[in-house]
Amino acid sequence: MNNSASSLLLSLVPIVVLIALLGLNVVFYGEDSSYGPNQIALLTAGGVAAGISLLSGEKWKKLYDGITESISSALGAILILLMIGALAGTWLLSGVIPAMIYYGLEILNPTIFLFATTIVCAIVSLATGSSWGTVGTVGVALIAIGQALGIGEGWVAGAIISGAYFGDKMSPLSDTTNLAPAIAGTDLFTHIRHMIWTTGPSIIIALIVFLVAGFTVDLQESTVSVGEMQQVMAEKFNLGWWLMLVPIAVIVMIAKKVPAVPALFIGSIIGGIFAVIFQPQIIMELAGEGKSFANSAYSIVVKAMALDTSIETGNDEINRLLSAGGMYGMMNTVWLILCALTFGGILQAAGMLRRITSAILSVVTGSGGLVASTAGTCIVFNVLASDQYLAIVVPGKMFADAYKDQGLAPENLSRALEDSGTVTSVLIPWNTCGVAQSGVLGVATLAYAPYCIFNIVSPFMTVLFGLMGWKLNRLPAKIGSDGLNEG
């Protein structure tokens, strides 16, 4: 066996170990596998990768630097998660989430709920450029409304994520939508216009599926009626249109390009202020007897942001909707992200990801094969590097020259990066996006992944367009000194 083949096989060993351990965790722990066992699996597979690399003569410092670089790239995402936890706590305490649930139940019915959810999330995400912000705000309310209507949580989460990632992908405010053309070498609006050809059919297919599902999906039995749930919300909270000013303020801030972390933190503070003004009875109920309102207001709002909030209604099903974990509730998600990025950082620093992708490049033929290989490589990076940005940046750098050699314009590359790198990240249980959305919505990644229709269809659509040669922009032909076209 030559050195190249041997090096490739060694690079695949940690991946095989990870897949085996993750499979065992599903068998032994089921839905609880992400609460510790998967973290150990990622660290163990990372240890195997480090051991192979050290035995091959690599220095530990290089691997350690790879880990720290990988983790540092996700610090912004981790801070956003913590802010979403704080925001969920004060929005529950202030009545914002109960108001969203109450009025959502007034407007929506089970038949059109999935269809409408996708459109609502698409609009919010398009306006803000943030799939995470959309899921963490309106998504939290929509998952509760869907549960109240008796719709399976996997379907609801799939509709939320499909809409949120469509809007994120097509918004000029989105970080990934700016990153992909920057890496590929094209401009933002050329990139967005070129994506319409694949993204448009993908979201139409998703909307059709969700519309048909609304008429065919069996509703789950619920121990509480919609009317009863609305009555409980109205009795416990002082509900009114003014509570909607809180989410509107956050959406406006993000749309005005206020960075996500301060925007979400300000949103949580405003939620706390609204709780003190409009829900004093909830604060006193949570504080207990014998406490002054002044002292209780501060301690309960801080507790909602940092730790947890649980409002008792006498009905277990409604109690689950009226509970939030605060920043502390996001710590398991943060733990999983850190372990996943440790694994990805070691593979990147050890050169294992480069060897795997080089093997893919060696068998690429034709424009269609190049687009298909780009999509496949982005998905592989989402699985192995556990980070959406790496799944865009590394394949983008790797394939840029290959697209030029094929005479393909750079917007073809940027579109393939978004169609496969951006949208599939949320389908991987240990990817930062999969971990984050699962933690925010309270639905396991593998439970919602089959229903993320837009995210599933998008990479197939870009591969189909590539293989059929549809809408592949070509580089302008060069004009030689004799005035004739070259190439």
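Trainee: Is S367 buried or exposed?

Mentor: The idea rests on relative accessible area: buried means under 20%, exposed means over 50%, and partly exposed lies in between, with a 1.4 Å probe and protein chains only. S367 has a relative accessibility of 13%, so this residue counts as buried. Please note that the model is predicted, so local features need pLDDT of at least 70 and side-chain atom pairs count only at pLDDT 80 or more, while totals for chains, interfaces and linings use all residues. Residues are numbered from 1 along each chain as its sequence is written, and side-chain values use heavy atoms, with hydrogens and water left out.

Trainee: Where does S367 lie, and which residues does S367 touch, not counting residues up to four places away in sequence?

Mentor: Helices are DSSP runs of H or I with at least four residues, strands are runs of E with at least two, and both are numbered from the N terminus. S367 is placed in helix α19. Contact means heavy atoms within 4.5 Å. Leaving out residues up to four places away in sequence, S367 touches Q406, L408, G466, L472 and R474.

Trainee: In which helix is N382 found, and is N382 buried or exposed?

Mentor: N382 belongs to helix α19, which covers residues 366-384. Its relative accessibility is 0%, so N382 counts as buried. Among the residues that N382 touches, not counting those up to four places away in sequence, are D387, S420, T424 and N431.

Trainee: What can be said of I300?

Mentor: I300 sits in helix α15, residues 293-306, and is buried, with a relative accessible area of 9%. The residues that I300 touches, beyond those up to four places away in sequence, are L93, I283, L286 and A287. The C-alpha atoms of I300 and L286 are separated by 7.2 Å, although the two residues are 14 residues apart along the chain.

Trainee: How is the packing of two helices read, and at what angle do α17 and α22 pack?

Mentor: Two packed helices are described by the angle between their axes and the distance between the axes. Axes are lines fitted to C-alpha atoms, for helices over the stretch in contact, and angles run from 0 to 180 degrees between N-to-C directions. Helix α17 (residues 331-349) and helix α22 (residues 432-441) pack at about 170°, with their axes 9 Å apart. The two helices are therefore roughly antiparallel; under 35 degrees counts as roughly parallel, over 145 as roughly antiparallel, 65 to 115 as roughly perpendicular and the rest as oblique.

Trainee: Which residues make that contact?

Mentor: From α17 come T333, L336, I337 and L341, and from α22 come T432, V435, A436 and G439. By class, the contact has five nonpolar, three polar and no charged residues. Here Ala, Val, Leu, Ile, Met, Phe, Trp, Tyr, Cys and Pro count as nonpolar, Asp, Glu, Lys and Arg as charged, and the others, Gly among them, as polar.
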